[in-house]
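Please keep the sequence and the structure in view while reading.

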Amino acid sequence: MENWESIDQVGMANALSQARQSFNEGGIPIGCSLVSVDGTVLGAGHNQRIQKSSPTLHGEIAAIEDAGRLKAGMYRDATIYTTLSPCSMCTGAILLYKIPRVVIGENKTFSMGAEDLLKSRGVEVVILDNPECKELMATFIREKPEEWNEDIGEE
């Protein structure tokens, strides 16, 4: 049996580091890491919608891209760590690559995340309710509400 507590600490610490990097670059502070069952970070990334003017470069997509081409079994033995509940697009990528476990830093800021869809497809969803994840998002939304609304598709 895997030592999830230890692996989860590595994965979320990496995702938080990515979120801080995005925030410091003026971007949306959402970070993500893809971690193998042995604790090896396969890929990491952060939301770069603002930095690269990309409509699709969310944290989860950036982490999967950073991992590069992997054999199918690598995804099926991995966990994806994200500081915020994944949107429908990122949920689709998680399901496409059959990543069996998603650890979410917080799911209060973005209540439209697709956690129910993940669970209905057999994905284990773990919510950490991490205070730093919440504070990074609250600060960003307070300072840049227009950018946040754009990110979630609101006027």
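## Helix α1

On the face of α1 turned away from its buried side, the exposed residues are Gln 9 and Asn 24. In this report, exposed means over 50% relative accessible area, buried means under 20%, and partly exposed lies in between (1.4 Å probe, protein chains only). Helices (H or I, at least four residues) and strands (E, at least two) are DSSP runs, numbered from the N terminus. The model is predicted: local features need pLDDT of at least 70, side-chain atom pairs count only at pLDDT 80 or more, and totals for chains, interfaces and linings use all residues. Residues are numbered from 1 along each chain as its sequence is written, and side-chain values use heavy atoms, with hydrogens and water left out.

Which residues of α1 are buried? They are Ile 7, Asp 8, Gly 11, Met 12, Ala 15, Leu 16, Gln 18, Ala 19 and Ser 22. Seen down the axis of α1, these buried residues fall within an arc of 160°, so they line one face of the helix; the arc is that of the directions from the helix axis to the C-beta atoms. The cover over the buried residues of α1 includes β1 (31-36), β2, β3, β4 and α6 (131-143). Contact here means heavy atoms within 4.5 Å.

Gly 26, which follows α1, has a positive phi near 90°.

## Helix α2 and strand β3

In α2, the buried residues are Gly 59, Glu 60, Ala 62, Ala 63, Ile 64 and Ala 67. These buried residues pack against β1, β2, β3 and α4. Just after α2 comes Gly 68, with a positive phi of about 75°.

Strand β3 (residues 78-84) contains Thr 83. Is Thr 83 buried or exposed? Thr 83 is buried, and its relative accessible area is 3%. When neighbours within four places in sequence are left aside, the contacts of Thr 83 include Met 12, Ala 15, Leu 16 and Ala 19. Also among them are Pro 29, Ile 30, Gly 31, Gly 105, Glu 106 and Cys 133.

Most residues other than glycine have a negative phi. Ser 53 is not a glycine, although its phi is positive, about 50°. Ser 53 belongs to the loop between β2 (41-46) and α2 (59-67), and it counts as exposed at 65% relative accessibility.

Lys 98, also not a glycine, has a positive phi of about 55°. Its place is the loop between α4 and β4. Lys 98 is partly exposed, at a relative accessible area of 47%.

## Aromatic rings

How many aromatic pairs does a search of the whole structure find? The search finds one aromatic pair. Tyr 75 and Tyr 97 form this pair, which is tilted, with 4.6 Å centre to centre and 35° between the planes. Tyr 75 lies in helix α3 (residues 72-76) and Tyr 97 in the loop between α4 (88-96) and β4 (101-106), so the pair ties together parts that are 22 residues apart in sequence. Rings of Phe, Tyr and Trp (its six-membered ring) pair if their centres lie within 6.5 Å; planes under 30 degrees apart count as stacked, over 60 as edge-to-face and the rest as tilted.

Tyr 75 is buried at 5% relative accessibility, whereas Tyr 97 is partly exposed at 33%. Elsewhere, the charged end of Arg 101 sits over the ring of Trp 4, 3.9 Å from its centre. A charge sits over a ring if NZ of Lys or CZ of Arg is within 6 Å of the ring centre and within 35 degrees of the ring normal.

## Cysteines

A disulfide is a pair of cysteine sulfur atoms within 2.5 Å, and by this rule the count is zero. Cys 87 is buried, with a relative accessible area of 16%.

For Cys 133, the closest cysteine sulfur is in Cys 32, at 11 Å, again too far for a bond. Cys 133 is buried, with a relative accessible area of 2%.
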